[in-house]
Amino acid sequence: MSETRAVKLPTGGIRALPALPRLNLAPWLYLAPALITIVVWTYLPLIEAFQLSFYQWNMLPTSPKRFVGLANYAHLLTLPEMHAALANTAIYILGLFPMSVIIPLAVAIFTQDLKGPMRNVYRTLIFVPMIIAPVVAAIVWRWLLNEDHGLVNVALDTLGLHRIGFLQDPNFALATLIWITGWKLIGFSTLLFSAANASINPSYVEAARMDGASRCQIIRDIRLPLLSPTILLLSMMTVLFGAQWSFTYINVLTGGGPLKSTTNIFYLLWDYGFGSLSVGWSSAAGMIAFAGFTMIAFFCLRLMKRCSVYDN
Amino acid sequence: MASIRISSLHKVYGKTPAVRGVDLSIGTGEFVVILGPSGCGKSTLLRMIAGLEDITSGVVAIDDVIVNDLEPGDRGCAMVFQNYALYPHMSVSENIGYSLKVAGVARAERDEKIRRVATLLGLDTFLDRRPAQLSGGQRQRVAMGRAMIRSPRVFLFDEPLSNLDAKLRLQMRLEIKRLHRELGSTSIFVTHDQLEAMTLADRLVVMNGGKIEQVGTPQEIYRRPASLFVADFLGSPPMNFIPAVIDDEGKAVCADGLRPCPDLIWDLEPGAEVRIGVRPGDLQIVGRSARGALPFEVEMVEDLGTENHLHGTTTGLRMTAVLATGEAVPDHPFAVLIPESAVHLFRERDGARIDPRSVSRIH
Ligand SMILES: Nc1ncnc2c1ncn2[C@@H]1O[C@H](COP(=O)(O)OP(=O)(O)OP(=O)(O)O)[C@@H](O)[C@H]1O
Ligand SMILES: [Mg+2]
């Protein structure tokens, strides 16, 4: 009710014009900036990418587009590079989980009772990575992890351990990128979990204490269920965006290598499009990613609706 | 069932004192109501007994065992919160049975107990619902059930009825009274509603500013308030107060030289400032010429159906008198008289009640 009334108000002047009989323009006017932005920057490119995925083209305006039907898809699905990229995408997502959900959740719950200066120290520590620009973070990590002079390897050396080529060794590069992506995320997730945890009505916890629940039981039976909407939200964000978040670090630090060990679907389609200028492949890879993640998003949303508890 | 002993209990939040030296003994099976204005420390006192609030100094003992350092769950107390605090993600039966689940009671036994409690409270048909799907009264009942199921030694209530409408409040009040009679558990009930306090209490504790003002049966406290604060706080409409000064004979003289109770003598030094208190219902309507009568000018009459409230002034002071509906409001100038047995007198200096010499002789 209130919405319709709110948007109708300014139409008074417009309705007086004979040229616009009953058409209620005002709501569309208000929506226009958002709608136009979404259409121009999301849906039009999506449709265009969908079209391009059936063509072979090298992005030069002068060169002809050649219709190839489903050949791009057929080719991609048999390409080992694509399989590796899809597998890596899954590894990125799974690898991010501990740092985007599990550790922040634990940190938020176990630091809730911190008071005074300790609280500020911990907050600063946990939130600093969040405010550093991704490219800066990538460069700082490249220095830290440098095989010859990086602090981490120097430390390993003094401990009598082997030096590790964090970004050069195919066995470590993927894990390193996941770590950097996750390190950047922990602050954000902890912030969200802390806020959600702090907004749990303290009398639920008091009631549980009166019922004889221990600290652990209170976390298991009261806090976690009441935090479940936030847990689901962050899990969903990790699944949907986790692999995208690592793009900057792949691009700056490894370029997908060594031996393609750090390539994921987003880097691959970017590489096809703007590296080798094969727009057809790039678009087809994009469509595959889009279809996959749409299905996952749909599933996640349904799950969220079923699991969330409404507190009143 | 248990007895509770509280001695010189203090609570300080940072620098603000909330409870300032409370001593109280509660017998087994007693229903004690703590009454006081907002912010006087009632909840704080209750939460210290429950174990939800740290004790700054003093002792809380249940059945002669000091429980200061015991976890709330180990004290054998159950609490009904003002906002009920039902777990929103659990069904009614899970809410009621949570304490048993935590205690590791087997499922079958748990279900059996839940059913018994639910039947007692008329909740059988709601067991699968979530708290959000219940009305206020039903939630209140679930909160009661959750408190009852462990057969606690002590029931603690923190204004459990204040979120209900007037009718439901009366109904739940009677229900709590009935349950107390059936279960016989020691109960402490915090409220700022006088009616609740008067009707529920075996013993009433009136608190003010973190201290106990008076302890006694509701009747004792209503009839012989020990201080100006208690006299003013209890009763509706509130007690009338007339400032007066004690003369050389020990009699009270108020403004204009009127003596409202000419035959009473107090053992107070001449010149002592006092306040005479009288409940509106105790005032008698008399002619202006009667001895000790105070001329009364009516300003407004409120008809409450069962009685009339006459609001007006006496010697420039506000005063309220209550008349039964049957009695006509006089249409000629009249006065009010304070019967000797209805006089309360308080020393202005400290608010203490002082009984007249003659009355003390009678008692
Ligand atoms: N957590 C707290 N921190 C600081 N001061 C507090 C805290 N809790 C209560 N107080 C103060 O202690 C005093 C007593 O509070 P309490 O909640 O016991 O009052 P109450 O008698 O229950 O009042 P009400 O009838 O409004 O519930 C108040 O002055 C309050 O401001
Ligand atoms: Mg309170």
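These are my notebook entries on a predicted model, written as I looked things up.

**Entry 1: chain A and its record**

I started with what UniProt says about chain A. An unreviewed entry lists "domain: ABC transmembrane type-1" for residues 86-300 of chain A. I checked that span in the model, and it is 80% helix and 0% strand. The C-alpha atoms at the ends of residues 86-300 are 20 Å apart.

The unreviewed entry also carries the annotation "transmembrane region" for chain A, covering residues 28-46, 91-110, 122-144, 172-193, 224-247 and 279-301. I picked out two of these stretches. Residues 172-193 of chain A are 100% helix, with 30 Å between the end C-alpha atoms. Residues 224-247 of chain A come out at 96% helix and 0% strand, and their end C-alpha atoms lie 32 Å apart.

Next I looked at A:Leu259. Its phi is near 55 degrees, which is positive although the residue is not glycine. I noted this because most residues other than glycine have a negative phi. Where does A:Leu259 lie? I found A:Leu259 in the loop between α12 (247-254) and α13 (265-275) of chain A.

**Entry 2: chain B and its record**

For chain B, the UniProt annotation "domain: ABC transporter" covers residues 4-234, again from an unreviewed entry. In the model, that span of chain B is 37% helix and 26% strand. I get 26 Å between the C-alpha atoms at the ends of residues 4-234.

I also noted a cis peptide bond in chain B, joining B:Ser236 and B:Pro237, with omega at about -5 degrees. I wrote it down because most peptide bonds are trans. B:Pro237 belongs to the loop between α8 (228-233) and β11 (240-246) of chain B.

**Entry 3: around ligand 1**

Which residues surround ligand 1? My list has B:Tyr13, B:Ala18, B:Pro37, B:Ser38, B:Gly39, B:Cys40, B:Gly41, B:Lys42, B:Ser43, B:Thr44, B:Glu159 and B:His192. By class, I sort this shell into four nonpolar, six polar and two charged residues. Helix α1 (residues 42-50) of chain B gives the most to the shell, with three residues.

Then I went through some contacts. An N or O atom in the side chain of B:Ser38 is 2.5 Å from an oxygen atom of ligand 1. For the side chain of B:Ser43, I also read 2.5 Å between an N or O atom and an oxygen atom of ligand 1. B:Glu159 has a polar side-chain atom 3.1 Å from an oxygen atom of the ligand. Taken alone, ligand 1 exposes 630 Å², and the protein buries 58% of that.

**Entry 4: the cavity**

Rolling a probe the size of a water molecule over the atoms shows where empty space is left. How many cavities of 30 Å³ or more does the structure hold? I found one, and the space in the largest cavity is about 50 Å³.

I listed its lining as B:Met144, B:Phe155, B:Phe157, B:Ile176, B:Leu179, B:His180, B:Leu183 and B:Ser187. The elements giving two or more residues to that lining are β7 (154-158) and α5 (166-183) of chain B. Helix α5(B) has the largest share, with four residues. I count six nonpolar and two polar residues in the lining, and no charged ones.

Note on methods. Residues numbered from 1 in each chain as written. Chains lettered and ligands numbered in written order. Predicted model: local features only at pLDDT ≥ 70, side-chain atom pairs only at ≥ 80, totals over all residues. Heavy atoms only, no water. 1 Å grid on protein atoms, 1.4 Å probe; cavity = no way out; pocket = protein on both sides within 12 Å on 5 of 7 lines; lining within 4 Å. Points joined across faces, edges and corners; volume = space filled by probe spheres on them. Nonpolar A, V, L, I, M, F, W, Y, C, P; charged D, E, K, R; others polar. UniProt positions renumbered as here; feature names shortened; annotations may be inferred. Near = heavy atom within 4 Å. Polar contact = N/O pair within 3.5 Å; in protein donor to acceptor, adjacent residues only side chain to side chain. Areas by Shrake-Rupley, 256 points an atom, 1.4 Å probe, with all protein chains shown as cover.
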